[in-house]
Amino acid sequence: LSVPSGRCAAGYFCVGGAVTDKPDAADASGGICPVFHFCEEGSTQARPCLAGLHVNVTGAAECAACPEGYVCDGTGGELVVCPAGSYCPVGTGLSPRKCPIGTFGAAPGLASVGDCISCDVGSFCDAEGLRAPAGSCRGGYVCELGSCSATGGHASSGSCVGSELCPAGHWCVAGGTPVACPEGTFSNSTGNAELADCSPCMDGHYCAGLGLTEPSGRCSAGYYCDRGSLSRTPDAGGSVSTLSADYDSSALWPGLVFGGGVCPEGSKCVEGSRQPEACEAGTYMARTGASACDECPAGYFCVTGTVDFEESPCPRGHFCEAGTRFDVQHPCPPGTFGNQTGSSSVEGCVNAPAGWYVEGSGKSLPTGLCSAGFYCSGGATTSTPAEGSVEGGACPAGTYCVAGSPSAVACPGGRFCEAR
């Protein structure tokens, strides 16, 4: 031949002295393109596939794109599975793509960024290429799905921004999700990290639901609500101290008194009461659940906290108008006495009878007889009434008065009665 017959066939290589365009592999003049290599038409040698390309058959004229989930590094070897923490789309060469912040790749062979797993709720992924979450969310914060920091940050344009505090009405332990403050408690602050950060419902109020940011309302009239009440009528509810065996209220909130109940006898509870208020003197309450006390009836006296007024009739020598506060508040006036219990007005006090006197106030019987030489006409306040007094007086000349005289008696015949 004066010139070569033609170019070596695609899929083969001809090193020199070839007598055919498709040399035999045993022929030193060339051969079929080996696996992991490509031979274009006219090739003098087989060349390994470039990074990002691959072929796994002999006689290839060109390489195909590296399949998804694998790395093709251009060394002419076997496919390499995409490493955990990364993903490898079609055509991946020397550098697998790292799973972005907020995600992780637990298994090898991921093909796309969508195969990376969003960081678990309660954990965070703060770097690219993680094979597992970096750690647990910090107490007092919320790490939603895909968080990129221990304080609940979120990924934005490749950066981790912001944070998410535990919402009001809840508490968040490290690595946990928000837990609602239990019934009987509330919290109007964010960032709570433990149950003790939930506040027992304040005095005079009740907290009837979960996750409250403020009390549900004021305790009903006729009831009292101490700390942690669950109901506006707490005899039907209870308090946080009895809510669950899981909660030790004395340890969580030391020094606080919990509870509430129906207002007891002898007391009143207005709306929003923390504790029962004893009925004031002059009033009483014989039933439970009262919001106001009743006035003590006439004929009786009612000290503070009275339940049954009938146990306190007005004593002798005194009278008790409606609203009387104590037993000797209204004594019978001088010149009168009261020998009966339960008097309801001053009319119940009786004038000293003629010939007798009542000295001082609050007497249940006359003090004694009118003195000799004097007479007591009725209502006398002394045994020696003053001359001209309506109570009596000294016996005038020509009369005489023995002890207990209701009036002066004329001196009898044959006698004389000189003036005192």
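This is a predicted model: local features need pLDDT of at least 70, side-chain atom pairs count only at pLDDT 80 or more; totals for chains, interfaces and linings use all residues.
## The Cys33–Cys39 link

The bond in question is a disulfide, and its S to S distance is 2.1 Å. If the word is new to you, a disulfide is a covalent bond between the sulfur atoms of two cysteines.

Are these two cysteines buried or exposed? Cys33 has a relative accessible area of 0%, so it is buried. Cys39 also comes out at 0%, which means it counts as buried.

## The Cys82–Cys88 link

Next up, Cys82 is joined to Cys88 by a disulfide, with 2.0 Å from S to S.

## The Cys279–Cys293 link

Now for Cys279 and Cys293, whose sulfur atoms sit 2.0 Å apart in a disulfide. Here the torsion about the S-S bond is about -85°, so this disulfide is left-handed. Cys279 is found in the loop between β26 (277-278) and β27 (283-284), while Cys293 is in the loop between β27 and β28 (294-295), so the pair ties together parts that are 14 residues apart in sequence.

What about burial? Cys279 has 0% relative accessibility and counts as buried. Cys293 has 17%, and because buried means under 20%, Cys293 counts as buried too.

## The wider picture

How many disulfides does the structure hold? There are 20, and the links of Cys33 with Cys39, Cys82 with Cys88 and Cys279 with Cys293 are among them.

Key: Residues are numbered from 1 along each chain as its sequence is written. Side-chain values use heavy atoms; hydrogens and water are left out. A disulfide is a pair of cysteine sulfur atoms within 2.5 Å. Buried means under 20% relative accessible area, exposed over 50%, partly exposed in between (1.4 Å probe, protein chains only). Helices (H or I, at least four residues) and strands (E, at least two) are DSSP runs, numbered from the N terminus.
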